[in-house]
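Take a look at the model below. The paragraphs after it walk through the two chains, one after the other.

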Amino acid sequence: MTAFEVRGVAKRFPKGADDIVALRDVDLTVEPGEFLVLLGRSGCGKSTLLNLLAGLTRPSGGSIRHRGRPVTGPRTEVGYLTQQDTLMPWRDVTRNVEMPRELRGEGRRERRAAALALIERVGLRGFEKHYPRELSGGMRRRASLARMLAGDPETLLLDEPFGALDAQLRTELQGELLRLWQGSGRTVVFVTHDIQEAVTLADRVVVLGPLGRIVLDLPIDLPRPRDPEDVRVDARFVELHRRLAEALR
Amino acid sequence: MSTGPVRERSGRGFRARHGRTATVWAWRAILLVAFLVAWQVLSGRVLDPQYVSSPDGIVTRLGDWLADGTLATNTWITVQEIVLGFLLGAGAAALIAYVIAPLRIVWDVLDPLVMALYSIPKVALAPLFIVWFGIGTSMKVLLAAVTVFFLVFLNTAAGIHDVDPALVDAVRLMGGRRRDIALKVILPASLTGLLTGLRVAIPYALIGAVIGELVASNRGLGYLISDSSATFDTDGVFATLVVLSLVAAALNALVTLLGRRANRWKPLTT
């Protein structure tokens, strides 16, 4: 069974008398347990596609299935880390991370314990009682990551999650994401426009052209576990990087 | 995570930390005293006390009123009208805003009507309120309530409409239902709007009540003003104005307190 099966999907946004076409006739298959990176330039419809996979919006045409079942709305088995921070500003870090379990009706004590364990895992120990506005951008990303993981989703959707961070922090968080994912059996769909990030993380990179047309589907055969710092100097890395850069052009 | 700002003791003394505040307060005191002295000296020599009264006359009048209970009774009546009017107006406004504002289509229909009603000067409603409710306390309470209502209603509605849709989506993604979205996103997010409305509205409750008293009444601070001026008793007018500004200052202190509570977290700006 596939994790995601996208068949002939189109997405149009009404604008006055016209429609803005974001995606047209997209086909994509995501295997369970794989780390798939969708690579594309700004405006190619990557985020639109991710919103569709998450069930936040419905396609204008075609079909999307998750684990064999049609996607009709957001599901808790799918976690989604958006580009912007969507932490509740009136909740401290702990209460934010608790939220997925709180909404599921879990008891106060269990969800608190789970949240604190996750906060520790993403390296936010000591900031449990801080409000989002008191955190730096990188720390907010960590908190968002912890919140997504608190729902224990089987599939993770990540939309340029580290795009707004400085290069060092991005590398650091990429490493942590790989550690959290490695051996978890979770399926990941990761959207980025950064070729280096794509090669560092992915099992497979799918390059999207205009309107979500698939330009290249490239398996990344670098050994795992990978270290984001070391992998960049690998000769194979450079070769893969070059091919992706060509496809993006 | 070793990077980031740290906190250190600065070693600055009292002057460095509070010098500016102290200077500001000192100048305020100096200005006030100078003004009062000038007023006292000029009144009776250059200016006619019949028109401008004098600090001395005002203090004497306040003393008299305090002794015979005029001040306490009338201030108490006005304060009651303010508090009742505020609670009534704010309560109704918040309730109605939370029912109507989330229903976008209903809001769009009603919006221009509400704005039209809001734009009516509330003084203009006073004669109508007298016809409807007589000249008793309820007329003043309702006039204050109407003034408060629109401010709280419009600010709360704006707060509800300003809720970041990304936060709503986040809760949907976590498996939240309509009820969760209402209670865990819309309500807390719009609380800043509600609090802004309450803060802005407090002084207007005072205005509404006093206007009601000025237009028609036989008790309250507004009545004291109109009664004193009718008998050309400027001491009485100024004495009442002093009491009114004290009441206003107390209300403003309350507003500041509310503002501090609301500032504990601020919306994310990234």
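The radius of gyration is taken here over C-alpha atoms, and the globule rule is 2.2 Å times the number of residues to the power 0.38. For the 249 residues of chain A, a compact globule would come out near 18 Å. Chain A has 18 Å, so it agrees with the rule. Its C-alpha trace spans about 50 × 45 × 35 Å along the principal axes.

Some ground rules come next. This is a predicted model, in which local features need pLDDT of at least 70 and side-chain atom pairs count only at pLDDT 80 or more, while totals for chains, interfaces and linings use all residues. Residues are numbered from 1 along each chain as its sequence is written, chains are lettered from A and ligands numbered from 1 in the order in which they are written, and side-chain values use heavy atoms, with hydrogens and water left out.

Start with chain A. Seven helices and ten strands make up its elements; helices (H or I, at least four residues) and strands (E, at least two) are DSSP runs, numbered from the N terminus. Buried residues account for 55% of the 249 in chain A. Buried means under 20% relative accessible area, exposed means over 50%, and partly exposed lies in between, with a 1.4 Å probe and protein chains only. Contact means heavy atoms within 4.5 Å. Among the contacts in chain A with a separation of 6 or more, 66% come from residues 24 or more positions apart.

Helix α1 of chain A covers residues 46-54. How many of its nine residues are buried? Seven are, so the helix is mostly covered. They are K46(A), T48(A), L49(A), L50(A), L52(A), L53(A) and A54(A).

Move on to helix α5 of chain A, residues 167-181, which holds E176(A). Is E176(A) buried or exposed? It counts as buried, because its relative accessibility is 18%. Beyond its neighbours within four places in sequence, E176(A) touches V122(A) and R142(A). At 36% relative accessibility, E172(A) counts as partly exposed. E172(A) and E229(A) are 57 residues apart in sequence, yet their C-alpha atoms are 8.9 Å apart in space.

Now the backbone geometry of chain A. D25(A) is not a glycine, but its phi is positive, about 55 degrees. D25(A) belongs to strand β2, residues 18-30. It counts as exposed, because its relative accessibility is 55%. D152(A) is not a glycine either, and has a positive phi of about 50 degrees. D152(A) is in the loop between α4 (137-150) and β7 (155-159) of chain A. Where is the cis peptide bond? It joins R224(A) and P225(A), with omega about -5 degrees. P225(A) is found in the loop between β10 (214-219) and α7 (235-248) of chain A.

Turn to chain B. It has eleven helices and zero strands. A compact globule of 270 residues would have a radius of gyration near 18 Å, but chain B has 24 Å. Its C-alpha atoms fill a box of roughly 75 × 65 × 30 Å along the principal axes. Of the 270 residues, 39% count as buried. Residues 24 or more positions apart supply 74% of the contacts in chain B with a separation of 6 or more.

Two packed helices are described by the angle between their axes and the distance between the axes. Axes are lines fitted to C-alpha atoms, for helices over the stretch in contact, and angles run from 0 to 180 degrees between N-to-C directions. Helix α7 (residues 137-161) and helix α9 (residues 178-215) of chain B pack at about 155 degrees, with axes 7 Å apart. That makes α7(B) roughly antiparallel to α9(B); angles under 35 degrees count as roughly parallel, over 145 as roughly antiparallel, 65 to 115 as roughly perpendicular and the rest as oblique.

Helix α4 of chain B, residues 70-100, also packs with α9(B), at an angle of about 145 degrees and with axes 8 Å apart. By class, this contact of α4(B) with α9(B) has 16 nonpolar, two polar and two charged residues. Ala, Val, Leu, Ile, Met, Phe, Trp, Tyr, Cys and Pro count as nonpolar, Asp, Glu, Lys and Arg as charged, and the others, Gly among them, as polar. On the α4(B) side, the residues include I77(B), F86(B) and Y98(B). On the α9(B) side, L187(B), L198(B) and V210(B) are among them.
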